[in-house]
Amino acid sequence: MSFFAALGRPEVLDLARQTHYFWALLPEIVLTLGAMLVLIVDVIHKGDRSEPSRGSIPVLTLAVLAATALANTALFGLRDVSANGMVAVDGFRTFTNFVYLVAAALCIAISMGYLERRGIMKGEFHALVLFATLGMMLMGGSRDLIMTFIGLEVMSVPIYVLVGFDRMDPRSSEASLKYFLLGAFSSGFFLYGIALVFGAVGSTNLTYIAETLGTGTDHGHERLLMAGMALTLVGLGFKVAAIPFHMWTPDAYDGAPTPVTALMSTGVKAAAFAAFVRIFAVAFADAGAQWVPVVWWLAAVTMVGANLVALTQGSVKRMLAYSSIAHAGYLLVALLSGGDTGKAAFLFYILAYTVMTAGAFGIVIANSRDGEERVTLEDYAGLGLEKPWLGAAFSIFLLSLAGFPLTAGFLGKLYILRAAVEGGQAQLAVILVLASLVSYFYYLRVIVVMYMRPARSEGWHAGAGLPLAARTAVLAACVVVVAMFFAGAVPMRWAEQSALSLWRQPAPVAASPAPASLFR
Amino acid sequence: MIILFWFFAVLAVSSALLTVTRKNPVASAIWLIATFFCLAAIYTLLGAFFIGIIQILVYAGAIMILFIFVIMLLNLGNDYEPDIRGHVWKVVAGGTSLVIAALLARAFSGELPAPLGHVAGPASLAAQTADRGTVGVIAIPLYTDYMVPLQFTAVLLLAAVVGAVVLAKRKV
C-alpha cells in the first residue's frame with residue numbers, strides 16, 4: 001500500500017481535522033465523481049436527442065466501480081484516532097465496501113442486454129445504481145447515526161426510482177410506489193428512533209453511545225433509549241426485509257427490473273445489515289438485555305416463516321424473494337451470536353450470499369425474452385437439457401443458496417452455526433438447520449424441473465442466453481461460489497481480521513465528556 | 001450595519017422586480033429565491049436569527065425546490081433562454097468560485113472549534129450562544145463537525161432530481 005502513502009496518505013487519520021476526510025472518504029469521493037461523470041457522458045452522447053444510451057455507458061460504469069475498489073484499498077491498515085468522526089475507518093468498512101461494489105458490478109453486468117430488450121437503456125439507470133452504491137457505502141461505514149440516516153436515504157431514493165424504472169410496465173410502477181411509501185414510512189421510524197436515542201444518550205456518535213452505555217452508569221433515560229432502539233430496529237428490519245417487516249419484499253422484488261432485484265437483495269441488504277451490526281451489535285452492545293430477545297424472535301420467525309411461504313411460490317423470482325428474506329434470518333443469527341466469530345461469520349456469509357444471489361438473478365435474466373419475463377416454474381422445464389451451461393450454473397447457485405456441500409453457502413452456514421453455538425445461541429442454530437432443510441425442497445424442485453421435465457414446446461429455450469459480458473460475470477460468480485468452499489479459509493481469515501478491527505476501540509475519549517443531554 | 005442593510009434591501013427589491021418581469025418561469029423562481037435570501041439576511045441583521053434561518057430553510061429551500069420541480073415537470077420552461085450571457089459574466093462566476101475556494105481553504109486550515117455535542121448541557125449552550133450567537137451555534141457545527149453529512153445531503157438531492165426527471169419526464 002506504499003502507493004497511497006507515496007501520494008501523501010497519513011499513516012494515522014485524525015478526523016477532527018477536516019482534510020483527513022479526503023483520505024477517509026476516498027472511495028466515496030471517487031464513486032460520487034464517477035456517478036456524475038456517467039450522467040454527463042451520457043448527456044454528451046445524446047445531446048438533444050432522445051435515444052437509447054450507447055454501449056459504452058455500462059463499460060464506463062464498471063470502470064468507475066473498479067476505480068472505487070482501487071480507492072477502497074487505500075483504507076487498508078488505516079485507523080482513526082479522533083473521538084467523533086463521521087465515518088468509521090476500520091477493516092469492517094473496507095470489507096463491506098467491497099461487497100457493495102461486487103453487488104453493483106454484478107447488477108450492471110447482468111443488466112447488459114436486458115435493458116435494451118425492455119427498452120429502458122438509459123444512462124440514468126447506471127448513474128442511479130452508482131448513487132445507490134454510494135449510499136450503501138455511507139450507510140454501512142458510518143460512525144454517526146446522522147450519517148447512517150443520510151446514507152440510508154442516498155441508497156433508498158435511487159432504489160425507489162430504479163424499481164419503477166420501466167415506466168411502461170404497470171407492475172414496475174406499482175412496485176415502486178409500494179416500496180416508496182413503505183420505505184418513506186420506515187425511514188421516518190428510523191429517524192424518530194435516532195432522535196430518541198440522541199435524547200437518551202446525548203450524542204448520535206456510535207462510539208460515544210457505546211461508551212456511555214458501557215460505563216453502566218444510570219443515565220436516567222432507560223425508557224427513552226428503549227423506545228429509540230425499538231424504532232431504529234423497525235427501520236433497519238424493514239431494510240433488511242425481516243419478517244414481520246417484509247410485506248413489501250415479494251411485490252417490490254417481483255415488479256422491479258431483474259438487475260435491480262439483484263441489487264436490492266444483495267447490496268441493499270448488505271448495507272442495512274452492516275449498519276445493523278454497527279448500531280446494535282457495537283453501539284447498543286451493553287444494552288443487549290433489551291434488544292437481544294426481540295431480535296432473537298425476529299430471526300426465528302423470519303427463518304421459519306420465509307421458508308414455509310417460499311414452498312408455495314410458483315414464480316422463481318418470487319421464490320428468490322422469499323429466499324432472500326430467509327437469508328436475512330440466517331444473517332440475524334450471525335449478528336446475535338456476538339463476538340468476533342459472529343461478525344466474521346456474518347462478513348463471510350454476506351459475501352457468499354451476494355455472489356450467489358446476484359448470479360441466480362443473472363440466470364433469471366438469461367431466461368427472459370423481449371418484454372416477457374419467463375419466471376414461472378414451468379418456464380424453466382427442460383432448461384437444464386437444452387442449455388446445459390445455464391442449467392449447470394443455476395443449479396450451482398441454487399445449491400449454494402440451500403447450503404449444499406461443495407458450495408460457499410454450505411461453508412457460510414457452517415461458520416454461522418459454529419458462531420451461534422459458541423455464542424450461546426444453540427436454539428437458533430437448531431432452528432437454522434431445520435429451516436435450511438425445508439429450503440432444500442424448493443431449491444431442489446427448480447433443479448428437478450430443469451432436468452426432469454420436458455420443455456413446454458420445441459425450441460422454447462432457443463432464445464435463452466446472455467451477452468458476453470454478462471455471461472462472463474455469471475461464470476465468474478459461479479467459480480467464486482465453488483472456490484469459496486475449497487479456499488474458504490482465505491476470505492474467512494480476511495473476514496476475521498475485519499471483524500477484529502470493528503471492536504478495536506478507536507480512541508481514548510477526550511477528557512471525560514460531560515454526561516450530556518442538552519435538555520436536562 | 002447600515003451599509004449591509006441598504007445593500008440587502010436594494011438587492012431584495014431588485015430581485016423581486018426581476019421575479020415578476022422574467023418571461024421564463026424558472027428564472028422567475030430563481031430570482032424569488034434571491035429575494036428570500038435577502039430578506040433572511042435582513043432578519044438576521046435585526047437580531048431575529050431564528051426567523052432568518054427558517055426563512056432560508058423553509059422558503060428558499062423546501063418550498064422553492066418544489067416550485068422548480070413542478071415548473072420543470074410540467075415543461076413550462078420550454079421557451080428557455082440562457083440567463084448567463086457574455087464572457088464578462090463567466091469571468092465574474094469563475095472569480096467568485098475562486099474566492100470561495102480560497103476562503104474555504106483558509107477556514108479549514110486552522111484550528112477548529114470543539115464540537116457541541118460532547119460537552120453539552122445548558123451552561124455550555126448558554127456560553128456558546130453568547131460566544132457565537134444563535135446562528136453560530138447552529139452554523140459552526142453544521143459546517144465543521146457535520147460537514148460530511150451536509151455534503152452527502154447534496155448528493156442525495158442530486159440523485160433525487162435525476163430520479164424525478166427519469167420517472168416523470170416524457171422523453172429522457
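Student: Leaving aside neighbours within four places in sequence, which residues is A:Phe397 in contact with?

Tutor: The model is a predicted one. In it, A:Phe397 contacts A:Val355, A:Met356, A:Gly359, A:Ala360, A:Ile363, A:Val474, A:Ala477, A:Cys478 and A:Val481. A:Phe397 also belongs to the largest nonpolar core, which has 199 residues; together with A:Met264, A:Phe284 and A:Phe394, it touches the most other members. Apart from that core lies another, of eight residues, including B:Ala29, B:Ile33, B:Met64 and B:Ile68.

Student: How do you know that helix H16 of chain A has close to its expected span?

Tutor: H16, residues 339-366 of chain A, has 28 residues, and at 1.5 Å a residue 40 Å is expected. From its first C-alpha to its last the helix reaches 41 Å, which is close to that value.

Student: What makes H16(A) mostly covered?

Tutor: Of its 28 residues, 25 are buried.

Student: Why is the pair of A:Asp80 and A:Arg143 called a salt bridge?

Tutor: The limit between a side-chain nitrogen and a carboxyl oxygen is 4 Å. The closest N and O atoms of A:Asp80 and A:Arg143 are 2.8 Å apart, so the pair qualifies. A:Asp80 lies in strand S2 (residues 79-80) and A:Arg143 in the loop between helices H7 (123-140) and H8 (145-163) of chain A, so the bridge ties together parts that are 63 residues apart in sequence. Both A:Asp80 and A:Arg143 are buried.

Student: What makes A:Asp169 and A:Arg118 a link between separate parts of the sequence?

Tutor: Their side chains meet in a salt bridge at 2.9 Å, N to O. A:Asp169 lies in the loop between H8 and helix H9 (170-201) and A:Arg118 in helix H6 (residues 114-118) of chain A, so the pair ties together parts that are 51 residues apart in sequence. A:Asp169 and A:Arg118 are both buried. Over all chains, the structure holds 10 salt bridges.

Student: Why is the aromatic pair of B:Phe5 and B:Trp6 called edge-to-face?

Tutor: Planes over 60 degrees apart count as edge-to-face. The planes of B:Phe5 and B:Trp6 stand at 75°, with ring centres 5.5 Å apart, so the pair is edge-to-face. B:Phe5 is partly exposed at 34% relative accessible area, whereas B:Trp6 is exposed at 54%.

Student: How confident is the predictor in chain A?

Tutor: Chain A averages a pLDDT of 87, and 95% of the residues score at least 70. Over residues 505-520 of chain A, however, pLDDT stays under 50.

How values were computed
Residues are numbered from 1 along each chain as its sequence is written. Chains are lettered from A and ligands numbered from 1 in the order in which they are written. This is a predicted model: local features need pLDDT of at least 70, side-chain atom pairs count only at pLDDT 80 or more; totals for chains, interfaces and linings use all residues. Side-chain values use heavy atoms; hydrogens and water are left out. Helices (H or I, at least four residues) and strands (E, at least two) are DSSP runs, numbered from the N terminus. The expected span of a helix is 1.5 Å times one less than its number of residues. Buried means under 20% relative accessible area, exposed over 50%, partly exposed in between (1.4 Å probe, protein chains only). A nonpolar core is a set of buried Ala, Val, Leu, Ile, Met, Phe, Trp, Tyr and Cys residues joined through side-chain atoms within 4.5 Å. Contact means heavy atoms within 4.5 Å. pLDDT is the predictor's confidence in each residue, from 0 to 100. Rings of Phe, Tyr and Trp (its six-membered ring) pair if their centres lie within 6.5 Å; planes under 30 degrees apart count as stacked, over 60 as edge-to-face and the rest as tilted.
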